[in-house]
Amino acid sequence: MELTHSFTVPADPERAWQLLTDLHRVGSCFPGATVTEADAEEFSGTVKVKLGPVALTYAGTGKFVERDDAAHRAVIEARGKDRRGNGTASATVTMSLTAEGDATRAEVVTDLSVTGKPAQFGRGVMQDVSDKLLGQFVACIEGQFSEAGDGATGHSGAAEAAAGVPAPAAVPAAAAEVPAPARTRRRHGRRPRWGGGPRGGSWRARRCASSSRTTPGTARPA
């Protein structure tokens, strides 16, 4: 299936071309993508995409098959395979840039082929998902140009602002540690001690007192 997109970059064609052909920087702006290796012509990495209830993580590679720096036109081929075995994807992306006032207009045509579970979704779903991803991608690209335009002054100002914000105070160790509740011993019907005390004297005294008592029916000698 063929997907068509266009967007405007806030820079002249030469600056826009330099950024959009930097595979590592462009890859880092694509939502869900992670570039593991990249040079001037080839790249490899992963990209996470969700189509309806199906979550996919493609691992693959890509490269420039055509690149015309003077005409600002390039063709990139990319292939990937889902890590869970839900299918494969391949794409041929054709990108061209044209000046539009002080900005640059980018036209991107993608010839996409998918297999496995994603193949059940029609072109309409694919277009909707890709439109949302492109919106996030363009916002990131615009941010790249904003940072480049600020230059060292912008970064310095940010550093000074960060330096002026005091760090949160550390929590004292005594306040951070919550003391454990004191252990209490419950006494369940303790047996009386026979070793003395106010409850009746010693064990020996009690025995003597018991033996001196008169058994009922026994007369005492005169």
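Between which two strands does the loop that holds E41 lie? In this predicted model, E41 is placed in the loop that runs between β2 (33-38) and β3 (42-51). The residue is partly exposed, its relative accessible area being 41%, and together with E37, D39 and E42 it forms a negative surface patch.

The protein chain as a whole contains five helices and seven strands, which follow one another along the sequence in the pattern β-α-α-β-β-β-β-β-β-α-α-α. Of the 222 residues in the protein chain, 26% are buried.

The largest nonpolar core comprises 22 residues, and those with the most contacts inside it are F7, V9, L20, L97, F137, I141 and F145. Two or more residues are given to this core by each of β1 (2-9), α1 (13-20), α2 (23-29), β5 (73-82), β6 (88-100), β7 (103-114) and α3 (123-164), with α3 supplying the largest share, namely five residues. In soluble globular proteins, nonpolar side chains tend to be buried together.

A backbone feature is found at H72, which lies in the loop between β4 (54-68) and β5 and has a positive phi of about 55° although it is not a glycine. Most residues other than glycine have a negative phi. With a relative accessible area of 13%, H72 is classed as buried, since the cut-off for that class is under 20%.

Key:
Residues numbered from 1 in each chain as written. Predicted model: local features only at pLDDT ≥ 70, side-chain atom pairs only at ≥ 80, totals over all residues. Heavy atoms only, no water. Patch = residues over 30% accessible without salt bridge, like charges linked within 9 Å, V, L, I, M, F, W, Y side chains within 5 Å. Areas by Shrake-Rupley, 256 points an atom, 1.4 Å probe, with all protein chains shown as cover. Salt bridge = Lys/Arg side-chain N within 4 Å of Asp/Glu carboxyl O. Lys, Arg positive; Asp, Glu negative; His and termini not counted. Charge placed at Lys NZ, Arg CZ, Asp CG, Glu CD. Helix = DSSP H or I, 4+ residues; strand = E, 2+ residues; numbered from the N terminus. Buried < 20%, exposed > 50% of the residue type's maximum accessible area, 1.4 Å probe, protein only. Core = buried A, V, L, I, M, F, W, Y, C linked by side-chain atoms within 4.5 Å.
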